Amino acid sequence: MPDMYTIQPSSKASSQSEKNDSTLQCTPNIIPCRIHHDGPIDSLDRYWAVKDEKDNTQTAHFRGRKLRGRRVALPDGYQGVVATPTDGVLPVAQRADSDSAEDAETEPEEPVKIMETQGTFDEFVVWGHEALPAADDTFVKGVEEWLQFADAMHTTPTSTTNGNKEPAAA
């Protein structure tokens, strides 16, 4: 069974949220390369200078390679979250779903791991080598399909009669 997660505000953010209620707003970039470095760099501008184009796209150069970026906005009602895993586990008493006593005896309860919010976003940028990523790019298409799946999972079903959708009879 896959792991279950809960997303909670960062412990740093919760102490800062008392001062101001803003979460770090960011724009994730999906770049077609591997970088074998994890940590800060001295001068971001030296390695990553993005130029906004007139057609609402972006251009940048990374290690001598030209990259073209396409902004992808999340639909209204959705918010992206950048989160990092922690070693914490949600206590059983805080879980929203409480199973019946019978279910608790037959199946051991899976731990719910805690992830901390580092930032939020309402758009991301997908980059391609030399050319803009197409509308059917794996990441662009994947997000669109995921959102359609989420909508389907969280909408009320209707019955279908002769191809016409009608509300289910009560």
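**Buried helix face and salt-bridge network in a predicted model**

Gln-58 is buried, with a relative accessible area of 9% (buried means under 20%, exposed over 50% and partly exposed in between, with a 1.4 Å probe and protein chains only). The structure is a predicted model, in which local features need pLDDT of at least 70 and side-chain atom pairs count only at pLDDT 80 or more, whereas totals for chains, interfaces and linings use all residues. Residues are numbered from 1 along each chain as its sequence is written, and side-chain values use heavy atoms, with hydrogens and water left out.

Gln-58 belongs to strand E4, which covers residues 57-62; helices (H or I, at least four residues) and strands (E, at least two) are DSSP runs numbered from the N terminus. The side chain of Gln-58 makes a polar contact of 3.0 Å with that of Asp-52. A polar contact is a pair of N or O atoms within 3.5 Å; within protein, one must be able to donate a hydrogen and the other to accept it, and residues adjacent in sequence count only if both atoms are side-chain atoms. When neighbours within four places in sequence are left aside, the residues in contact with Gln-58 include Val-50, Leu-67, Arg-71, Val-125 and Trp-127, contact being defined as heavy atoms within 4.5 Å.

Asp-52 also takes part in a salt bridge with Arg-71 (3.0 Å, N to O), a salt bridge being a side-chain nitrogen of Lys or Arg within 4 Å of a carboxyl oxygen of Asp or Glu. Because Asp-52 lies in strand E3 (residues 51-52) and Arg-71 in strand E5, this pair ties together parts that are 19 residues apart in sequence. Arg-71 is partly exposed, at 26% relative accessibility. A salt bridge also links Arg-71 to Glu-123, with 3.6 Å between the closest N and O atoms. Glu-123 is located in strand E8, so its pairing with Arg-71 in strand E5 connects parts that are 52 residues apart in sequence. The relative accessible area of Glu-123 is 23%, and this residue is therefore partly exposed. Through shared partners, the salt bridges join Asp-52, Arg-71 and Glu-123 into one network.

In total, the structure holds three salt bridges. One of them is formed by the side chains of Asp-3 and Lys-113, at 3.0 Å from N to O. Asp-3 is in the segment before E1 and Lys-113 is in strand E7 (residues 112-121), so the pair ties together parts that are 110 residues apart in sequence. Both residues are partly exposed, Asp-3 with a relative accessible area of 43% and Lys-113 at 28% relative accessibility. Pro-2, likewise in the segment before strand E1 (4-9), is exposed at 64% relative accessibility. The C-alpha atoms of Pro-2 and Glu-110 are 9.4 Å apart, although 108 residues separate the two in sequence.

Helix H4 comprises 17 residues (138-154) and reaches 24 Å from its first C-alpha to its last, close to the expected 24 Å; the expected span is 1.5 Å times one less than the number of residues. Val-140, Leu-147 and Ala-150 are the buried residues of H4. Viewed down the helix axis, these residues fall within an arc of 95° and so line one face of H4, the arc being that of the directions from the axis to the C-beta atoms. This buried set packs against strands E5 (65-73) and E8 (123-129). Thr-138, Gln-148, Ala-152 and Met-153, on the other side of H4, are exposed. The N-terminal end of H4 is capped by Asp-137, a side-chain oxygen of which lies 2.9 Å from the backbone nitrogen of Phe-139.
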